[in-house]
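Reader: I am new to this structure and would be grateful for a close look at a single part of it. Please set that part in the context of the whole chain.

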Amino acid sequence: MKQQANLIRAGQVIEHDGRRWTVLKQQIITPGKGGAFIQVEMRDLKTGNKTNERWRTADSVERLMTEDKEYLYSYTDGESLVLMDPETFEQTMIPVDLLGDQAPFLQDNMTINIHLVEGDPVGIDLPPQVTLEVVEADPVVKGQTASSSYKPAKLSNGVKTMVPPFIEAGERIVVRTEDGSYVERAKD
């Protein structure tokens, strides 16, 4: 399906120069002189190589339609994730590289959404938030105001994040899987 270059968004799969690419980042740039253009950072689905490409906003690109399917995460086997289809109970293996920076937030029996193009996995969506335990948290510095100050903390999955001063080690908190940022205390 053809679409204008200015409609390209992160997560889409496009065909360019006879290869399939997944879009990682896009930015529309309007220089002081001349027409606007879009700069796209994308990864080759076969080789994993990254590249940057520029198009004028009026150019058209070939967008591939993706099919979304839900799977349950079972375990990681080397460089592959072992997933189970909840309807047929068949196991599927996909490369762990598709997760990128979100890999530490993967939890046992988590329902994840896989994007497929003609049966090949091209992307993974984790749930937007996960609950994790704080294993290390710096003590509160006396005189800090609670309104805007945050302190560093280490989560049970090894990720470091900033938390409000009232959060102590051993507490469970909700964090965003996109960037690991603090959302709220866990309600459980």
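Author: In this predicted model, the C-alpha centres of domain 1 and domain 3 lie 36 Å apart. The chain is divided into domain 1 (1-61), domain 2 (65-123) and domain 3 (127-183). For residues 68-122, an unreviewed UniProt entry gives the annotation "domain: Translation elongation factor P/YeiP central". This span is 55% strand and 0% helix, and its end C-alpha atoms are separated by 10 Å.

One residue of this span deserves a close look. Glu90 is found in the loop that runs between β8 (80-84) and β9 (91-95). Because its relative accessibility is 52%, and exposed means over 50%, Glu90 counts as exposed. Leaving aside residues up to four places away in sequence, Glu90 touches Leu83, Met84 and Asp85. Tyr71 is 19 residues from Glu90 along the chain, and the C-alpha atoms of the two are 9.9 Å apart.

Elsewhere in the chain, an open sheet is formed by five strands, in the order β14-β13-β12-β15-β16, with antiparallel pairing. Its edge strands, each pairing on one side only, are β14 (160-163) and β16 (182-185). On average, and with direction ignored, neighbouring strands of this sheet are turned by 50 degrees against each other. Lys154 has Lys160 in β14 as its bridge partner.

Notes:
Residues numbered from 1 in each chain as written. Predicted model: local features only at pLDDT ≥ 70, side-chain atom pairs only at ≥ 80, totals over all residues. Heavy atoms only, no water. UniProt positions renumbered as here; feature names shortened; annotations may be inferred. Helix = DSSP H or I, 4+ residues; strand = E, 2+ residues; numbered from the N terminus. Buried < 20%, exposed > 50% of the residue type's maximum accessible area, 1.4 Å probe, protein only. Contact = heavy atoms within 4.5 Å. Domains from an automatic or database assignment. Pairing = 2+ DSSP bridges. Axes fitted to C-alpha atoms, helices over the stretch in contact; angles between N-to-C directions.
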